[in-house]
Amino acid sequence: MTDEIRSLFYEKFATKGVLYSAPGRVNLIGEHTDYNNGFVLPGAINKTIVLEITPNYNEHYHVVSVDLSQEVIFEADDKKSEQSWANYIIGVVMEMKKRGYTVPGFNCVFGGNIPRGGGMSSSAALESAFAFAINDMNHFNIPKTELAKIGQMAEHNYAGVRCGIMDQFASLHGEKEKLIRLDCRSLDYELIPFHPTGYKLLLIDTRVKHALASSEYNVRRNQCEEGVHVIQKKHPEVESLRDVTEVMLQESKENLPSLAYQRCLYVIQENARLMRACDALKQNNFLAFGKEMFGSHDGLSKQYEVSCDRLDFLVDFARTYPGVAGARMMGGGFGGCTINLISTKEYQAFMIAVTEAFEKQFGKKPFYYEVAIDEGARKIG
């Protein structure tokens with residue numbers, strides 16, 4: 001991939017630039033907790049966006065996508081592009097401009113090996129790669145947390161996706177064999193060791209698109225906010241579900257619609273699961289960690305109701321298969337991938353067995369992505 005980018009860059013611009021990369025991410029546990037000011041546990045992965053870039057001493061930005069065989073030229077004038085991928089990059093430049101940074105023109109070629117639509121946040125990796133490169137190239141000295149906010153706002157304002165900050169934060173702050181326990185309220189974080197000796201991470205893609213995810217996301221968010229409003233009548237100090245205990249929730253149960261109660265209970269219990277999961281990792285206890293993964297899926301499926309038949313099938317199969325420490329759905333829900341922590345010894349046999357079972361049940365084979373926890377955004381040459 002890097003050779004192809006370098007070759008095309010020289011062909012287009014007759015010079016050499018500097019290489020940067022930023023990774024996609026997985027989230028091991030802590031789903032739908034971010035917008036409730038809770039905790040998440042993502043990690044950067046060994047699938048990345050790579051770009052070569054150099055100043056062009058003009059007022060325009062010339063960007064070429066290797067993977068799509070497309071290119072755009074734009075100026076810092078707030079206009080969106082007809083090429084959807086370009087808006088993530090335009091957004092980064094414009095969000096920096098809003099913060100008072102003058103971003104000189106540049107030439108760039110980029111490509112990547114993050115599967116689009118696989119739930120590994122290729123868009124956040126693209127934003128992070130450009131934010132990191134522009135910051136480093138121009139010596140802006142913008143902190144990584146602020147770069148993550150720039151990427152998030154680029155997605156909000158130029159791609160039209162009101163995402164949380166987890167994806168960009170993980171892409172920029174990731175470290176090899178470490179997960180990030182991120183407090184979504186304060187943005188404080190702790191690096192949690194992840195040395196899965198004897199285990200591998202495998203994503204299994206159901207090949208179902210998240211058709212309901214956007215509309216149902218808003219429904220779940222409203223149900224959680226409804227729960228908070230009711231609880232605040234007895235506990236005015238509460239600002240979000242982050243501040244609510246199970247005891248407090250039980251006190252208000254009779255005043256809550258049953259669905260709102262279940263949604264709130266899930267979020268409260270998921271935050272507790274994440275804390276236990278981090279404790280397990282600190283002791284290299286992957287069976288205990290995996291137990292919390294299974295618990296997370298059960299909550300997402302039965303309490304939060306954002307799973308689907310294929311996700312449930314894959315997790316139920318993993319639950320009974322020897323050597324699988326844990327599994328759960330990952331992401332917004334209603335499709336996408338499960339994330340599985342599997343014994344290295346059973347890895348190949350599991351893939352064969354689950355493929356056969358899934359194809360028999362649904363008439364098609366799933367896709368697979370083996371991932372490892374790796375470094376975040378960086379300059380590579």
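I began with the secondary structure of this predicted model, and the chain comes to eleven helices and 13 strands. I then looked up the extent of the C-alpha trace, which spans about 65 × 55 × 40 Å along its principal axes. The radius of gyration is 21 Å, and because a compact globule of 381 residues would have a value near 21 Å, I note that the two agree.

Of the 381 residues, 57% count as buried, and among contacts with a separation of 6 or more, residues 24 or more positions apart account for 71%. The accessible surface comes to about 16300 Å², with 47% of that area belonging to carbon and sulfur atoms. For the charges, I found the mean positions of the 42 positive and 48 negative ones to be 2 Å apart.

I then searched the whole structure for aromatic pairs and found 19. F358 and F362 form a tilted pair, with 4.9 Å from centre to centre and 50° between the planes. These two lie four residues apart in helix α11 (residues 347-362), so about one helical turn separates them.

I checked the burial of this second pair as well: F358 counts as buried because its relative accessibility is 0%, and F362, at 19%, is also buried because the cut-off is under 20%.

Lastly, I followed the ring pairs that link Y61, F74, W85, F106, F110 and F130 into a cluster.

Key:
Residues are numbered from 1 along each chain as its sequence is written. This is a predicted model: local features need pLDDT of at least 70, side-chain atom pairs count only at pLDDT 80 or more; totals for chains, interfaces and linings use all residues. Side-chain values use heavy atoms; hydrogens and water are left out. The radius of gyration is taken over C-alpha atoms; the globule rule is 2.2 Å times the number of residues to the power 0.38. Buried means under 20% relative accessible area, exposed over 50%, partly exposed in between (1.4 Å probe, protein chains only). Contact means heavy atoms within 4.5 Å. Accessible areas come from the Shrake-Rupley method with a 1.4 Å probe; for residues, only the protein chains shown count as cover. Lys and Arg count as positive and Asp and Glu as negative; His and the chain ends are not counted. The place of a charge is taken as NZ of Lys, CZ of Arg, CG of Asp or CD of Glu. Rings of Phe, Tyr and Trp (its six-membered ring) pair if their centres lie within 6.5 Å; planes under 30 degrees apart count as stacked, over 60 as edge-to-face and the rest as tilted.
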